[in-house]
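Open the model in your viewer and keep the selection tool handy. We will go through it stop by stop.

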Amino acid sequence: MLYKSTRGNSKYITASEGIIKGIAEDGGLYIPNKIPNIEENLESLANFSYKEVALYVLRKYLTDFTEEELKNCIDKAYDNKFSGDDIVNLRRVGQEYFLELYHGPTLAFKDMALAILPHLLDISLKKNGIEKEVVILTATSGDTGKAALEAFSNVAGIKVIVFYPYNGVSDIQKKQMITQKGENVLVVGIKGNFDDAQSGVKNIFNDKEYSELLQNKGYILSSANSINIGRLIPQIVYYVFSYLQLIKNKEINVGDKINVVVPTGNFGNILAGYYAKKMGIPIDKLICASNENNVLWDFINKGIYDTHRVFKITESPSMDIVVSSNLERLVYYLANENADTVKELMGQLKEKGIYKINSDMKDNLKDFYAGFANDEKTIEAIGQLYEESRYIMDTHTSVAYSVYKEYMNKVNSKEKTIIVSTASPFKFTRSVCRAMGIEDRLKDDFQLIDELGLYENVPSSIKDLKDRQVLHKSICEIEEIREKIGEFLFR
Ligand SMILES: *Cc1c(COP(=O)(O)O)cnc(C)c1O
């Protein structure tokens, strides 16, 4: 299998090259030249473990890796760092199934792909004879940064640098990052918001001179961003796996349709679900759930992507986003794989901040339903579900759950539904406590972990978080990003 750019102006490359490059030279995203179909084999896969499904799916996409190499990557990634029943949990609550993807080391679903990315990257570098040291440079609003740090810390041949908005992440997220161990990691707080951090980092990626300077010192820059095929493809695995689990548990018969609801920000997670559907997993609707930053809801309902809107800070901060970069891949498929159309529309997005798809493309959106939930609904739904079922969900999952309820009111679908659960309630403890009527004033986030611990076991990865030693005290102005990187790499 080979990969090419959504914008057409690139040559075909192998999977390992795509993992190293991340983004194509014409600014497009890499896509596989065909999508394998596994519909005929679902029955025979039903008893596969998570790791077996991972191997089955990854072999179909990463065809320049040997089976042995992939098996090694999978074994290193999905080990006892994950505390789920079988890496993930699929938990029935009432009539629905919550696919809990947050039992990895950093308590958010980003671990599902970031746990394996370093190993895929390591092999990719060797395959392509690249001997330079890789610098993973990331700006984070909280979850990606910690997941990347955890995944890449102490991996030979790789350095990780994370910039986060000093006053723009939760206490728990900040503490997770600034206590990160590892010789090869640097964590710096930025005096600015997430947008500032992100544009500061983007400037570096676009700075040819700086990149040459790094090359001369023996480094190449890379990113752990969700547009990398090395993140996208491992995310397909849990959609396949959860469908197989439903068969195995006799909740459905092979071929029965299901719905999937995904709390969405950068459109990476739900896009993996779309690939699973294209591979033959009988998904009826992919339900795209947004918070009040509802640019995707607008797009899916009206066919217009308009970035002229106010960025809102919500209770589900990992979905606070205006430009969803992975959407470009969907646009490619909506345009029946016409790269010229994608190039044209992405040009309009860059120039005018808005684009409109034609009616044929809009018809192709029928696989999706989109909704959004505001903060009030999000918080209310957490309390309600707890009252009904004694099940605690985090704010991101609650956005999905709220949108699903609204969908059911409209459509009354008979199909079984999977709600993709992206973060542990312990990661957004204050909002969850408030939703459950637990007194939160006068208590810091760490005390609230203990409060929530009266209802559910505290995940071991944050049990001692409060007492962990702070190792990264560095804070800088936006203009000082290069200096900070230099101090770390050239010391
Ligand atoms: C990143 C994230 C999301 C959004 O996922 P995308 O792939 O960016 O759409 C949702 N919930 C949580 C908790 C996240 O960390």
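**Stop one: the ligand**

Select T422 and the ligand: a polar side-chain atom of T422 is 2.9 Å from a ligand nitrogen atom, a polar contact in the sense of a pair of N or O atoms within 3.5 Å. The protein covers 96% of the 380 Å² of accessible area that the ligand has on its own; such areas come from the Shrake-Rupley method with a 1.4 Å probe.

Before moving on, note that this is a predicted model, in which local features need pLDDT of at least 70, side-chain atom pairs count only at pLDDT 80 or more, and totals for chains, interfaces and linings use all residues. Residues are numbered from 1 along each chain as its sequence is written, and side-chain values use heavy atoms, with hydrogens and water left out.

Next, select N266 and F267 and show their backbones. A polar backbone atom of N266 lies 2.7 Å from an oxygen atom of the ligand, and a polar backbone atom of F267 lies 3.1 Å from a ligand oxygen atom.

**Stop two: α17 and α18**

Select residues 375-389 for helix α17 and 395-411 for helix α18. Helices are DSSP runs (H or I, at least four residues), numbered from the N terminus. The two axes come within 8 Å and cross at roughly 85°, so α17 is roughly perpendicular to α18 (65 to 115 degrees). Axes are lines fitted to C-alpha atoms over the stretch in contact, and angles run from 0 to 180 degrees between N-to-C directions.

Show side chains for the contact (heavy atoms within 4.5 Å): α17 brings residues including I379, I382 and L385, and α18 brings V399 and Y401, among them. By class, the residues of this contact divide into six nonpolar, four polar and three charged.

**Stop three: α8 and α20**

Finish with helix α8 (residues 171-178) and helix α20 (residues 445-452), which pack at about 105° with their axes 9 Å apart. Which residues make the contact? Select D171, I172 and K175 of α8 with D445, F446 and I449 of α20: three nonpolar, no polar and three charged.

Conventions:
A polar contact is a pair of N or O atoms within 3.5 Å; within protein, one must be able to donate a hydrogen and the other to accept it, and residues adjacent in sequence count only if both atoms are side-chain atoms. Helices (H or I, at least four residues) and strands (E, at least two) are DSSP runs, numbered from the N terminus. Angles under 35 degrees count as roughly parallel, over 145 as roughly antiparallel, 65 to 115 as roughly perpendicular and the rest as oblique. Ala, Val, Leu, Ile, Met, Phe, Trp, Tyr, Cys and Pro count as nonpolar, Asp, Glu, Lys and Arg as charged, and the others, Gly among them, as polar.
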